[in-house]
Protein chains: 4
Amino acid sequence: MKRAIKRVLTIETRRNDLILGTLRSIEKYGYQNSTVQTICEESGVSRGLIGHYFESKDDLLMAAFQHLNAELDKEARLAVRAAGPDPFRRLIAAGLITFAQERRYSQVTLHFWSTALSNPKLLEHHRNLWARFRASTERLMTRAAAERNMEIDIRHSALMFTQLIDGLWLGWTLEKSYDLETCRMLVRDWICKLFNEDPANYPTTMPVREEGSPHVQG
Amino acid sequence: MKRAIKRVLTIETRRNDLILGTLRSIEKYGYQNSTVQTICEESGVSRGLIGHYFESKDDLLMAAFQHLNAELDKEARLAVRAAGPDPFRRLIAAGLITFAQERRYSQVTLHFWSTALSNPKLLEHHRNLWARFRASTERLMTRAAAERNMEIDIRHSALMFTQLIDGLWLGWTLEKSYDLETCRMLVRDWICKLFNEDPANYPTTMPVREEGSPHVQG
Amino acid sequence: MKRAIKRVLTIETRRNDLILGTLRSIEKYGYQNSTVQTICEESGVSRGLIGHYFESKDDLLMAAFQHLNAELDKEARLAVRAAGPDPFRRLIAAGLITFAQERRYSQVTLHFWSTALSNPKLLEHHRNLWARFRASTERLMTRAAAERNMEIDIRHSALMFTQLIDGLWLGWTLEKSYDLETCRMLVRDWICKLFNEDPANYPTTMPVREEGSPHVQG
Amino acid sequence: MKRAIKRVLTIETRRNDLILGTLRSIEKYGYQNSTVQTICEESGVSRGLIGHYFESKDDLLMAAFQHLNAELDKEARLAVRAAGPDPFRRLIAAGLITFAQERRYSQVTLHFWSTALSNPKLLEHHRNLWARFRASTERLMTRAAAERNMEIDIRHSALMFTQLIDGLWLGWTLEKSYDLETCRMLVRDWICKLFNEDPANYPTTMPVREEGSPHVQG
DNA sequence: GATGAATGAGTCTTCATTCAT
DNA sequence: CATGAATGAAGACTCATTCAT
């Protein structure tokens, strides 16, 4: 009994080691230059180990991508929840979380997007994720507008919102010519303007979470 | 003398053939799947020819990326010029040109960015280009604001402008869940709102250029 | 003392388990596809156990081959003995036993031969076995001929006998285009003709042995 | 035009080089120990060349096997044809050709048979070949029997014939405890006895062919 | 003694690069 | 100059063996 449990734990631990090693390797050497060699080095295991826990290198890469997305998604949900019940505050939280702090693995996402272009499975995964985020944004906007008796082009506003975030994130990742605080401010200001709210009432700093950070670790 | 010139021309032709073949290959097979084989096939030359005109496959890829950027840049400049002297109209033209039409090689740019992350030279190239575009935007915004006696946060507005464009382009490239007309509309509306202009006065269709298309050809 | 004996018994049991698992694995998955993994699965033991009882996988394979040969040899001896004292009947029994029944591990022998070609030890083993069988055949033929006052080219006849058996077995193993009864009949008829005996007097069915089957078990 | 022809020639030459190198490697090191490395060494080419002329190592092995079989088959047909129109003489020729001389690659066949056990494609190929040889034997036996007004169990006799040959060949390959002349003699004597012919009239030496040897070369 | 997780040598395969023609 | 055949380095994957528990 105990042995079986322990074994499962070991398997999960090792898989996680490899996944984090993969993300580190991609962040460090780039996607193209990440070989089984570099991944295993970053994971602190031998080259042959991948075969024990993943079908192939490709399988590991997929797992790493999904893990990263899942972590970011989870992080976003927590931030939104922490913002309380007000849909407008939740919107702001959703907009700021992407720029909450100097994230690890920021470059990895870009590598994965590039890869997704010629990987249908990855692309599908990405599209689902973004569609969900946009749908969630639309729901919050609908409620916030209703509370204010405003008429807003929900669909286009949600699109602006998500793509403004992506665009700011993309530029920041590639250029580092502006900082995260600027990103947060721009997003907050845009959403405040949309709902005729005073930005001064909505700080760009994220509420500190009490519990342990749900960030990707490694 | 003439022979030397002709030779230079031939060299340039061949280099261009290979560059366009590279872009076609990436668009067709993806970045990872583009081999010397596929590139030369697309270029209509034999496998060994790359060595005559480029230091290496990597050198060719860099050249192709820079070529693409140069073309897009040139295209943007022409569009802006075609918009006439009015800085506001020029701004709109600059914002719409990215979404002017279903572009060839849209995916290549994303690959290019991903590659740039681990290639200092490419990254530098990219940063210069974007800095220039932002600077140009700032100049136009300054003039447009002055004409209207408006006070505008130029730096942040320019940042919004460029990153909104990038974000919309990124989402369109990856998801195809919205169309180019939507992108054009969102960009136009945002810039019109910034300057208190009526979007109805500014169509999202690009003025037809009389001269030959400066688009990347191949 | 008893403990030591018991231990030796355990060792022999384990070795036998592994040997039979090896034969099963080869028969089931083929020689090339038999890995330490499949062998240990078939043996019902863990992967690391081979190292305790055999020097290496190769050592185990050799042991399995020799075990199989020893079993088949033993089986043949028993069949000959069961045929009674008459040398001619003994000859027939020796000829039929190979085709006595749909044997397990029929394919293993062919793999064994192929392997023996580049394994001097195995080859030596095989040659000794076949030499002994041929010598035994020669003795029986000599006696059977003497009883009948016949002059027979003993050496060549024995060679025909053994190689006819091998050839029929080989074809049956590879092709399954004829059945074991045909093999038994052809061997019996040939040997009967050699000694001018009426085949009708010598059934191709093997006498049932009373004792436990000496077959390779597993 | 000439270039295309030359290219085809080169391709065929290279493929043949690799096939012969494969056979040499198997003969020299055994089937299991033949790696891309040893094969290319024997072929006198670099390790990467296989990929240019064969889909994979496995594809090359299949080609080598089929080449060997085709050569042996061709050789047999020529020998039978050289024996003239008499079906009985043709039968003898067919029986002797296998033992005509110390063949190259004699061990390779055994390795291939062993491999065929777990390779359906190979097995199918082998079965077809043997079925054809047996059918051809049956036709010759039918004619030879008709000429002599004899009644013969054609099917069983053909089976005896082919399997006697295989058995003698197998023992000779594995044991070398008897020579090819003995094999030839035994086969000839058996077939002569079947048709009541005097072996003395049928030498075991093969008629010398005038043309160049069709043997597998390399 | 038994387990199975971990290792790393060995293999096949791909592909950018070279070079004789 | 252009070709494409040949090379060999580098990659991912397999699997017999080892060893801590």
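Chain C can be laid on chain D by a rotation of 179° with 0.0 Å of shift along its axis, giving an RMSD of 0.5 Å. The two copies are thus related as by a two-fold rotation axis. Copies here are superposed by least squares on the C-alpha atoms of residues with pLDDT of at least 70 in both. Within chain C, the residue that comes closest to the rotation axis is C:Gly167, with its C-alpha at 1.6 Å. The same surface serves both copies, as 100% of the contact residues of chain C recur in chain D (contact means heavy atoms within 4.5 Å).

This is a predicted model, in which local features need pLDDT of at least 70, side-chain atom pairs count only at pLDDT 80 or more, and totals for chains, interfaces and linings use all residues. Residues are numbered from 1 along each chain as its sequence is written, chains are lettered from A and ligands numbered from 1 in the order in which they are written, and side-chain values use heavy atoms, with hydrogens and water left out.

Now for chains B and A. A rotation of 179°, with 0.0 Å of shift along its axis, puts chain B on chain A with an RMSD of 0.4 Å. Of the residues of chain B, B:Gly167 gets closest to the axis, its C-alpha being 1.6 Å away. Here too one surface serves both copies: 100% of the contact residues of chain B turn up again in chain A.

Next come the aromatic rings. A pair of them is described by how far apart the centres are and by the angle between the planes. Searching the whole structure turns up 32 aromatic pairs over all chains (rings of Phe, Tyr and Trp, the last by its six-membered ring, pair if their centres lie within 6.5 Å; planes under 30 degrees apart count as stacked, over 60 as edge-to-face and the rest as tilted). In one of them, the ring centres of C:Phe88 and C:Tyr202 are 4.9 Å apart and the planes stand at 75°, so the pair is edge-to-face. C:Phe88 belongs to helix α5 (residues 87-96) of chain C and C:Tyr202 to the segment after α9, so the pair ties together parts 114 residues apart in sequence. Helices (H or I, at least four residues) and strands (E, at least two) are DSSP runs, numbered from the N terminus.

C:Phe88 is buried, with a relative accessible area of 0%, and C:Tyr202 is buried as well, at 8% (buried means under 20% relative accessible area, exposed over 50%, partly exposed in between, with a 1.4 Å probe and protein chains only). C:Phe88 also has C:Arg148 over its face, 4.8 Å from the ring centre (a charge sits over a ring if NZ of Lys or CZ of Arg is within 6 Å of the ring centre and within 35 degrees of the ring normal). Over in chain A, A:Tyr31, A:Phe65 and A:Phe112 make up one aromatic cluster.

A:Lys176 sits over the face of A:Trp172, 4.2 Å from the ring centre. A:Lys176 is in the loop between α8 (154-175) and α9 (180-194) of chain A, and its phi is near 55°, a positive value in a residue other than glycine. A:Lys176 is partly exposed, with a relative accessible area of 40%.

Finally, D:Ala144 is part of helix α7 (residues 120-147) of chain D and is buried, at 0% relative accessibility. Leaving aside residues up to four places away in sequence, D:Ala144 touches D:Pro87, D:Phe88 and D:Phe195. The C-alpha atoms of D:Ala144 and D:Pro87 are 5.5 Å apart, though 57 residues separate the two along the chain.
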